[in-house]
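Let us take a walk through a protein chain together, from its overall layout to a few single residues. Please keep the picture in view as you read.

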Amino acid sequence: MTLTRPRITPIPGTPPCGPPSMDPRTGCTLTRYADVRAALPAPACRVPPARPGTAYTLDWLRGLVSRFSAPENHPARRSAGLAALAPLDPGELRAEAVRRTTDALDRADGRFDVPSALARRVPVGVLAARLGLADPVAAVEAVATIAAAYQPGADAAAVRRADGAVAVLVALAPPARRTNPIRCCGCRPGSR
């Protein structure tokens with residue numbers, strides 16, 4: 001097996017590293033680490049809170065997670081996510097990820113697509129199994145489908161597929177998580 005590290009060339013039009021630049025059509029472009037760090041806490045860079053959604057849809061999921069929460073809800077929702085992960089032993093997760101990665105590499109014959117075969121599957125599969133999802137393989141597929149539409153602005157077809165994948169993911173979750181996925185805010189399916 002040969003593993004190669006590809007050189008990834010920037011997409012056409014990628015600006016060179018330099019001071020912030022402003023384009024009236026696309027907004028401000030930041031290419032330097034220090035500029036990005038300085039901009040992140042700015043009020044203009046806040047992620048808009050997600051609107052409420054119908055139970056077990058992508059909008060519902062966005063409405064419950066810390067990523068798309070209003071500032072007053074973010075700490076409690078982030079804490080709920082951390083609490084769900086707290087019982088997991090990072091060493092055990094790492095060992096399982098190494099085992100799965102080694103197995104996949106051993107089965108590979110020649111060239112290997114690392115992003116699709118490992119980077120997108122191993123971490124989610126390990127977490128899905130450790131969190132008690134009924135079918136970790138189906139969970140990996142559902143998460144990949146959700147990820148394709150997770151950021152606001154995804155096309156309608158991707159959102160419809162993600163809606164179905166959210167329902168699948170909820171159905172795979174242990175019963176306690178299905179009825180109260182985010183314990184911190186008292187949300188119930190279909191509510192905000």
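A residue is called buried when its relative accessible area is under 20%, exposed when it is over 50%, and partly exposed in between, using a 1.4 Å probe and the protein chains only. Helices (H or I, at least four residues) and strands (E, at least two) are DSSP runs, numbered from the N terminus.

What you see is a predicted model, where local features need pLDDT of at least 70, side-chain atom pairs count only at pLDDT 80 or more, and totals for chains, interfaces and linings use all residues. Residues are numbered from 1 along each chain as its sequence is written, and side-chain values use heavy atoms, with hydrogens and water left out.

**The overall layout**

The chain has 9 helices and 2 strands. Followed along the sequence, these elements come in the order β-β-α-α-α-α-α-α-α-α-α. Of its 192 residues, 23% count as buried.

Which residues of α7 are buried? They are Ala 139, Val 140, Ala 142 and Ile 146. These residues sit on the same side of α7, because they cover an arc of only 170° around the axis. The arc is that of the directions from the helix axis to the C-beta atoms.

Helix α8 can be read in a similar manner. Its buried residues are Ala 158, Ala 162, Ala 165, Val 166, Val 170 and Leu 172. Their arc around the axis is only 145°, so they lie on the same side of α8. On the other side of α8 you will find Arg 160 and Arg 161, which are exposed.

The expected span of a helix is 1.5 Å times one less than its number of residues. With 12 residues, α7 reaches 16 Å from its first C-alpha to its last, close to the 16 Å expected. For α8, 17 residues should span 24 Å, and this agrees with its end C-alpha atoms, which are 24 Å apart.

**The largest nonpolar core**

A nonpolar core is a set of buried Ala, Val, Leu, Ile, Met, Phe, Trp, Tyr and Cys residues joined through side-chain atoms within 4.5 Å. The largest one here has 15 residues, and those that touch the most other members are Leu 58, Trp 60, Phe 68, Ile 146, Ala 149, Tyr 150 and Val 166. At least two residues of this core come from each of α2 (58–64), α7 (136–147) and α8 (156–172). Helix α8 supplies the largest share, 5 residues.

**A pocket**

On a 1 Å grid over the protein atoms alone, a pocket is an open set of points where a 1.4 Å probe fits, with protein on both sides within 12 Å along at least five of seven lines; lining residues have an atom within 4 Å of a point. The second largest pocket has a volume of about 230 Å³. Its lining consists of Arg 46, Val 47, Pro 49, Ser 66, Arg 67, Ser 69, Ala 70, Pro 71 and His 74.

One of these lining residues, Pro 71, is found in the loop between α2 and α3 (74–85). Is Pro 71 buried or exposed? At 53% relative accessibility, Pro 71 counts as exposed.

**Pairs of residues**

Some residues are separated along the chain, and the table shows how far apart their C-alpha atoms are.

| Pair | Apart along the chain | C-alpha to C-alpha |
|---|---|---|
| Leu 64 and Pro 52 | 12 residues | 8.6 Å |
| Ala 148 and Arg 161 | 13 residues | 9.2 Å |
| Leu 169 and Ile 146 | 23 residues | 9.5 Å |
| Pro 71 and Arg 46 | 25 residues | 8.9 Å |

Leu 64 belongs to helix α2 and is buried at 3% relative accessibility. Ala 148, in the loop between α7 and α8, is exposed at 60%. Leu 169 is part of helix α8 and is partly exposed, with a relative accessible area of 22%.

**A residue with a positive phi**

Where does Tyr 56 lie? Tyr 56 is in the loop between α1 (33–39) and α2. Its phi is near 65°, a positive value in a residue other than glycine. Most residues other than glycine have a negative phi. Tyr 56 is partly exposed, with a relative accessible area of 27%.

Terms used:
Points joined across faces, edges and corners; volume = space filled by probe spheres on them.
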